[in-house]
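Good morning, and thank you for making time for this item. I would like to walk through one protein model with you, beginning with a single residue and then widening the view.

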Amino acid sequence: MIKTIFFDLGGVVVNVHFDQAVQRLAKFSPYEPAEIEQLMLESPETKKYELGLTTTRDYARWALQALRLKMDEEQFVRVFSDIFTPKQDVVQLITQLDGRLQVGVISNTNVAHYEWIAGHIEAVAGMQPAVLSFREHLAKPDPEIFSLALARAGCAPAEAVFIDDLEPNVLAARSVGMAAFVYQGRDELVEQLRALGIALQ
């Protein structure tokens with residue numbers, strides 16, 4: 001019997017518009033948008049920030065220097081974080097599940113992004129346990145983060161299901177005994193959850 005359902009955030013609960021941040025940052029940088037995107041996504045500093053090994057302030061300082069941005073740290077964090085919109089159908093599903101099951105999060109994210117999402121989407125703020133890469137210094141698809149999530153939820157692997165938009169993460173969750181699905185839309189997810197005995201409209 002399923003007692004806990006865990007959701008990834010980006011690509012499942014929220015849409016990620018990283019390209020918007022890149023376009024905005026390009027207005028303050030001598031670099032082209034494609035160069036900014038490459039520098040940010042491929043830098044070890046970004047991975048360190050996602051793993052909670054550096055602070056928001058230090059990451060902003062790195063970005064200002066690396067991208068030669070003519071803006072302050074606060075402006076950078078605002079532009080860097082204001083890139084999410086809710087997937088309303090999934091948010092409604094989470095609201096429907098809340099109170100019937102334990103609804104948690106397992107996400108690779110950084111503190112600025114999580115604070116923006118939780119601050120703007122009430123349903124996310126209430127999702128517990130929230131097992132986040134920057135807090136745990138662990139990232140998917142490391143199976144250890146799923147074992148940790150199960151311990152935090154107080155449930156056995158067979159009592160939990162995980163939803164993510166990336167297959168390697170889904171396979172990692174399955175490797176510890178959880179049910180897990182690649183998110184391909186709300187309707188398919190509802191059918192997958194029904195097959196596990198979770199009745200939904």
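Does N169 count as buried or exposed? At 6% relative accessibility, N169 counts as buried. By that term I mean under 20% relative accessible area, with exposed meaning over 50% and partly exposed in between, using a 1.4 Å probe and protein chains only.

Before going further, a word on the source: this is a predicted model, in which local features need pLDDT of at least 70 and side-chain atom pairs count only at pLDDT 80 or more, while totals for chains, interfaces and linings use all residues. Residues are numbered from 1 along each chain as its sequence is written, and side-chain values use heavy atoms, with hydrogens and water left out.

To return to N169, this residue lies in helix α11, residues 167-175. Helices and strands here are DSSP runs, numbered from the N terminus; a helix is H or I over at least four residues, and a strand is E over at least two. Not counting residues up to four places away in sequence, N169 touches K140, P141, F146, F162 and D164. A contact requires heavy atoms within 4.5 Å.

P141 itself is found in the loop between α9 (133-136) and α10 (143-153). H137 has its place in the loop between α9 and α10 as well. Its phi is near 55 degrees, a positive value in a residue other than glycine. H137 is partly exposed, with a relative accessible area of 46%.

There is also a cis peptide bond between Q128 and P129, where omega is about 0 degrees. P129 lies in the loop between α8 (122-125) and β5 (130-132). Another positive phi, about 55 degrees, belongs to R68, which is not a glycine. R68 is placed in the loop between α4 (56-66) and α5 (73-81).

M71 is likewise in the loop between α4 and α5. With a relative accessible area of 11%, M71 is buried. Its contacts, leaving out residues up to four places away in sequence, are L25, F28, L64, F76 and V79. The C-alpha atoms of M71 and D82, which are 11 residues apart along the chain, are separated by 16 Å.

Which residues have the most contacts inside the largest nonpolar core? They are F7, V13 and F76, in a core of 57 residues. A nonpolar core is a set of buried Ala, Val, Leu, Ile, Met, Phe, Trp, Tyr and Cys residues joined through side-chain atoms within 4.5 Å. A second, separate core has 17 residues, including L138, F146, A153 and A180. Setting aside neighbours within four places in sequence, V13 is in contact with F7, D8, P86, K87, V90, V91, I94 and V124.

Y49 is another buried residue, at 2% relative accessibility, and lies in helix α3, residues 44-50. Beyond residues up to four places away in sequence, Y49 touches T54, T55, T56, Y59, F80, N110, V111, A112 and F134. Y49 and F134 are 85 residues apart along the chain, yet their C-alpha atoms are separated by 7.0 Å.

Finally, the chain as a whole. The secondary structure comes to 12 helices and 7 strands. The radius of gyration is 18 Å, close to the 17 Å that the globule rule gives for 201 residues, so the chain is as compact as a globular protein of that length. That radius is taken over C-alpha atoms, and the rule is 2.2 Å times the number of residues to the power 0.38. The C-alpha atoms fill a box of roughly 55 × 30 × 25 Å, taken along the principal axes. Of the 201 residues, 49% count as buried. Among contacts between residues at least 6 apart in sequence, 64% join residues at least 24 apart.
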